[in-house]
Amino acid sequence: MKGDPKRSDLLASVKHVTLSRNRREILKDINLAIQPGRVVTVIGPNGAGKSTLVKVILGLITPSQGQLWRRPGLSVGYVPQKLNMDPVLPLSVHRLMTLTKRASRDEVHKALTETGVAQRIDSAVHGLSGGEFQRVLIARALLRRPDLLVLDEPVQGVDFVGEAALYKLISEIRDRRGCGILMVSHDLHVVMGATDWVVCLNRKICCEGEPERVIQHPEYAEMFGHQASSFAVFPHHETSHADDPLDEAVCDEPVTHGRSAL
Amino acid sequence: MILDDFFARAMLAGIGVALITGPLGCFIVWRRMAYFGDTVAHSALLGVALGFAFDVDPTLAVGGVAISISVLLAVLQQQRWVAVDTLLGILSHASLSVGLVVIGLLTWLRIDLMGYLFGDILAVTEADIYRVYIGGAVALITLVFLWRPLLAITVHEDLARAEGVKALPVRLALMILVALVIAVAMKIVGILLITALLIIPAATARRFSSSPESMALFAILIGMFSVAVGLSVSLNYDTPSGPSIVSAAALCFVLVFSSHLLTKGVRRWLNRSG
């Protein structure tokens with residue numbers, strides 16, 4: 001990682017983490033640090049160990065070697081990769097939100113408002129669209145007032161327009177709450193604008209850096225081949241300057257689109 | 001005294017069984033543990049056999065064997081050698097077969113095998129009623145305490161763990177609860193059919209429910225109704241009690257499910273023509 005941030009500004013870090021299963025190395029010598037107010041995105045092909053790395057940082061999997069450090073008292077909000085709600089379990093959005101944390105209806109409503117799905121508070125979970133469901137899960141994570149938000153493939157099951165809106169929401173959450181965000185993604189086109197630091201993972205860290213540098217990295221080009229070159233067609237600055245009022249207005253369109261489809 | 005009447009005893013015990021199989025059955029349905037329930041139930045026969053062989057109280061022996069099988073399964077789940085459903089199939093049929101072989105070897109033993117396999121209302125004693133209500137109360141209270149964490153790990157185990165739920169003890173406790181309930185309910189519905197009383201009322205209840213708790217409640221009511229109808233049929237037509245209860249439950253399911261399909265079809269038809 002660029003520079004060596006002091007521990008006091010870190011939320012969590014892993015040092016030299018290696019994980020082996022059945023004599024196969026799933027993760028090899030991973031170093032990663034997450035700071036407040038920054039979005040770190042882990043990208044990589046299927047089977048690269050992205051979700052596994054997330055689970056190590058969440059403390060769900062103990063690494064074979066290396067250390068995991070989390071700031072004492074760190075509160076973490078997590079949106080897992082695959083959450084298939086079986087329709088045989090009747091569950092309302094409100095109930096899903098408060099499964100492990102008791103919260104008043106007001107608090108739940110506020111969290112859902114922040115992600116734009118407050119009107120769904122009493123809906124059945126299995127009636128939600130893909131985009132609504134992901135927004136509910138993010139709101140659910142926000143309910144814990146996280147210092148660190150961990151989002152494993154947050155745009156799955158969401159259409160292309162909805163994807164852009166979701167990534168915009170994620171940057172807004174970072175700006176508003178100042179929390180650190182660790183995100184896993186395999187689509188490069190949209191994620192670049194919403195991230196401060198990109199880590200390309202394929203069991204080991206192949207390359208990392210600011211998004212505009214990473215896309216020029218030869219290891220990155222090798223990892224993603226044609227996808228990487230097609231990405232280069234889109235100039236990065238169009239999506240990165242979210243604080244520019246003009247860009248804001250342009251970006252807003254897909255958001256309203258996404259919401260009207262709800 | 002009402003308990004002098006064998007039918008009243010069976011009814012009382014059956015209603016007690018429905019009280020606990022309702023909510024527990026919901027978790028069996030939500031967590032797709034039907035095959036697990038079958039496996040533990042089949043192992044109960046081995047428990048009965050061992051109980052007679054070593055002169056231990058049958059409920060105690062059944063509970064012991066069922067809990068051992070549950071724990072064994074929890075441990076064996078960690079291996080990758082064979083898939084879990086294969087493992088369940090092996091344990092289920094092996095324990096049933098070994099149970100039957102042991103009963104066959106005990107040549108001095110004269111037991112009503114059909115009664116154990118399919119339930120027997122004539123066989124419900126006053127002590128059985130106490131067993132059902134004490135065991136059922138313990139199971140129900142435990143389930144109430146475990147309700148929230150159980151629901152959380154049912155939705156997503158890793159998510160629940162990341163949020164501080166201790167998944168392994170909760171999961172193990174549920175398995176033990178299943179074993180306990182099978183041990184107390186065995187006499188009423190029989191070893192081979194006990195899983196049906198767990199899953200059919202719960203699956204039927206889904207149609208009326210908008211929350212996990214209401215589903216548990218409806219499962220209890222449907223279970224009680226099935227017990228009442230099944231036992232009455234058993235009394236009047238001299239049919240085996242377990243199959244009668246399960247047939248009543250299955251009939252409820254078919255009626256509710258077909259009404260669901262029917263209303264769905266009508267709604268679709270109305271939408272198309274409107």
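1. Arg95(A) and Glu213(B) form a salt bridge, in which the closest N and O atoms are 2.6 Å apart. The separation is a property of a predicted model. Across the interface of chain A and chain B, the rule finds five salt bridges.

2. On the side of chain A that touches chain B, the elements giving two or more residues are helix H1 (50–58) and helix H2 (93–97) of chain A. By residue class, that side of chain A divides into 13 nonpolar, eight charged and three polar residues.

3. The polar contacts were also counted. Between chain A and chain B there are 12 residue pairs in polar contact, with both residues at pLDDT 80 or more.

4. On the extent of the interface: the contact draws 24 residues from chain A and 23 residues from chain B. Interface size is often given as the accessible area lost when the parts come together. For chain A and chain B, the area buried between them is about 2,200 Å². Carbon and sulfur atoms account for 58% of that area.

5. A separate point concerns the surface of chain B. Ile67(B), Val71(B), Val75(B) and Ile176(B) form a nonpolar patch there, and together they have about 270 Å² of accessible area.

Key. Residues are numbered from 1 along each chain as its sequence is written. Chains are lettered from A and ligands numbered from 1 in the order in which they are written. This is a predicted model: local features need pLDDT of at least 70, side-chain atom pairs count only at pLDDT 80 or more; totals for chains, interfaces and linings use all residues. Side-chain values use heavy atoms; hydrogens and water are left out. Contact means heavy atoms within 4.5 Å. Buried area is the accessible area (1.4 Å probe) that two parts lose on being put together, summed over both. A salt bridge is a side-chain nitrogen of Lys or Arg within 4 Å of a carboxyl oxygen of Asp or Glu. A polar contact is a pair of N or O atoms within 3.5 Å; within protein, one must be able to donate a hydrogen and the other to accept it, and residues adjacent in sequence count only if both atoms are side-chain atoms. Helices (H or I, at least four residues) and strands (E, at least two) are DSSP runs, numbered from the N terminus. Ala, Val, Leu, Ile, Met, Phe, Trp, Tyr, Cys and Pro count as nonpolar, Asp, Glu, Lys and Arg as charged, and the others, Gly among them, as polar. Patches are made of residues with over 30% relative accessible area and no salt bridge: like charges are joined within 9 Å, nonpolar side chains (Val, Leu, Ile, Met, Phe, Trp, Tyr) within 5 Å. Accessible areas come from the Shrake-Rupley method with a 1.4 Å probe; for residues, only the protein chains shown count as cover.
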